[in-house]
Amino acid sequence: MPLKIFYISSEVDPFSNTYALSTIAKKIAIKFQDNPDIEIRLLHPKYGFISERKYILREVIRLKDFPVVFNKKEKLVSIKSAFIPESRAQIYFLEDEKYFKPVPELLYKSRNGRVFKDNNEKFILYSKVALETLKQLLWVPDLIICNEWQTGFLPALFKEQYSKTDFFKSTKIVFTLFSIDDNRFYSNDSLSMVDIDIKNNKNKKQDSILSAVENSDKIICIDQDNKLSSKLKNELPIQKAIKKHSHEFINIPKTPSFSEWKEMISTFHSALKKI
């Protein structure tokens with residue numbers, strides 16, 4: 001049986017691209033799809049600038065207008081399906097008129113540099129829908145790979161509300177980290193929208209990366225040009241949490257060659273097989 005992987009990324013080239021996450025996600029997805037021992041599917045937000053005609057997005061009957069409990073109310077969401085261009089890597093797109101359709105190509109901030117106030121809400125919804133999508137598909141992955149601060153609270157959500165169900169009892173969570181910035185802090189109000197347990201009520205915001213590290217089965221740090229290592233030196237709580245959990249560091253240069261990409265993906269795959 002192939003290793004089944006659900007790969008959740010807020011950016012995948014060529015659909016969106018603001019930093020290394022996008023390129024790495026595409027490289028991993030295409031290489032894994034070519035491996036007969038792996039079955040991979042991805043989930044990506046359907047930002048308003050993504051052309052349905054260009055990328056041939058198709059409706060999935062089972063994933064059209066299904067209910068998700070969000071902010072104490074039932075919310076209908078829809079998912080469409082496509083393939084990463086020039087590959088057979090299947091990628092799903094979460095549609096939402098309020099949170100994702102208005103998003104410009106900068107994704108997380110406007111052209112004047114202001115960070116969008118609803119980033120927390122949109123990505124906590126994205127994490128919730130990711131898990132509900134699997135239930136709708138009746139597809140149980142061996143691994144859910146979530147990336148960066150955008151899905152940093154998915155591991156806690158999974159652990160608290162999904163991991164003990166029969167459906168997900170064999171599924172493991174992998175968190176990959178490429179960078180650290182202030183986007184990682186989520187308001188308590190946004191976390192309450194999916195009923196995540198807030199362990200430190202004294203703080204008005206919670207650290208999604210710290211939460212992800214503490215609640216994942218494996219942490220993979222992809223350190224491009226030593227930028228992540230440099231950032232971690234000033235983030236002692238995250239640094240300590242990583243050391244306490246199963247983790248692996250993968251180093252790649254700023255501009256990897258074909259062989260260096262190949263080696264990175266091979267090392268990434270080897271790390272997954274150890275879980």
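This section describes helix packing, the nonpolar core, a strand hairpin and local backbone features in a predicted model.

Helix α1 (residues 20-33) packs against helix α9 (residues 258-273) at an angle of about 70 degrees, and their axes lie 10 Å apart. Angles of 65 to 115 degrees count as roughly perpendicular, and α1 and α9 are therefore assigned to that class. On the α1 side, the contact is formed by Thr-23, Ile-24, Lys-27, Ile-28, Lys-31 and Phe-32, which meet Trp-261, Lys-262, Met-264, Ile-265, Phe-268, His-269 and Leu-272 of α9. Classified by residue type, this contact of α1 with α9 comprises eight nonpolar, two polar and three charged residues.

The largest nonpolar core contains 91 residues. Those touching the most other members are Ile-5, Phe-6, Phe-32, Ile-144, Leu-154, Phe-268 and Leu-272. Helix α3 (residues 119-137) makes the greatest contribution to this core, with nine residues. When residues up to four places away in sequence are not counted, Leu-154 touches Ile-8, Ser-127, Ala-130, Leu-131, Ile-144, Cys-146 and Ile-173. Phe-32, Phe-268 and Leu-272 belong to this core and also take part in the contact between α1 and α9.

In a regular strand, side chains alternate between the two faces of the sheet. Strand β4 (residues 66-70) has Phe-66, Val-68 and Phe-70 on a covered face, whereas Pro-67 and Val-69 are on an uncovered one. Strand β4 runs antiparallel to strand β5 (residues 73-83), to which five bridges join it. Phe-70 has Lys-73 of β5 as its bridge partner. Two residues separate the strands in this hairpin, where Asn-71 adopts a positive phi near 60 degrees.

Most residues other than glycine have a negative phi, and most peptide bonds are trans. Two further positive phi values occur at Ile-56, near 55 degrees, and at Asp-195, about 60 degrees. Ile-56 is located in the loop between α2 (52-55) and β3 (58-59), and its relative accessibility of 48% places Ile-56 in the partly exposed class. Asp-195 lies in the loop between α5 (188-192) and β10 (205-207) and is likewise partly exposed, at a relative accessible area of 47%. A cis peptide bond, with omega near 10 degrees, links Asp-13 to Pro-14; Pro-14 is situated in the loop between β1 (3-8) and α1.

Lys-244 belongs to helix α8 (residues 236-244) and counts as exposed, with 72% relative accessibility. The C-alpha atoms of Lys-244 and His-269 are 22 Å apart, and 25 residues separate the two positions in sequence.

Terms used:
Residues numbered from 1 in each chain as written. Predicted model: local features only at pLDDT ≥ 70, side-chain atom pairs only at ≥ 80, totals over all residues. Heavy atoms only, no water. Axes fitted to C-alpha atoms, helices over the stretch in contact; angles between N-to-C directions. Helix = DSSP H or I, 4+ residues; strand = E, 2+ residues; numbered from the N terminus. Parallel < 35°, antiparallel > 145°, perpendicular 65-115°, else oblique. Contact = heavy atoms within 4.5 Å. Nonpolar A, V, L, I, M, F, W, Y, C, P; charged D, E, K, R; others polar. Buried < 20%, exposed > 50% of the residue type's maximum accessible area, 1.4 Å probe, protein only. Pairing = 2+ DSSP bridges. Core = buried A, V, L, I, M, F, W, Y, C linked by side-chain atoms within 4.5 Å.
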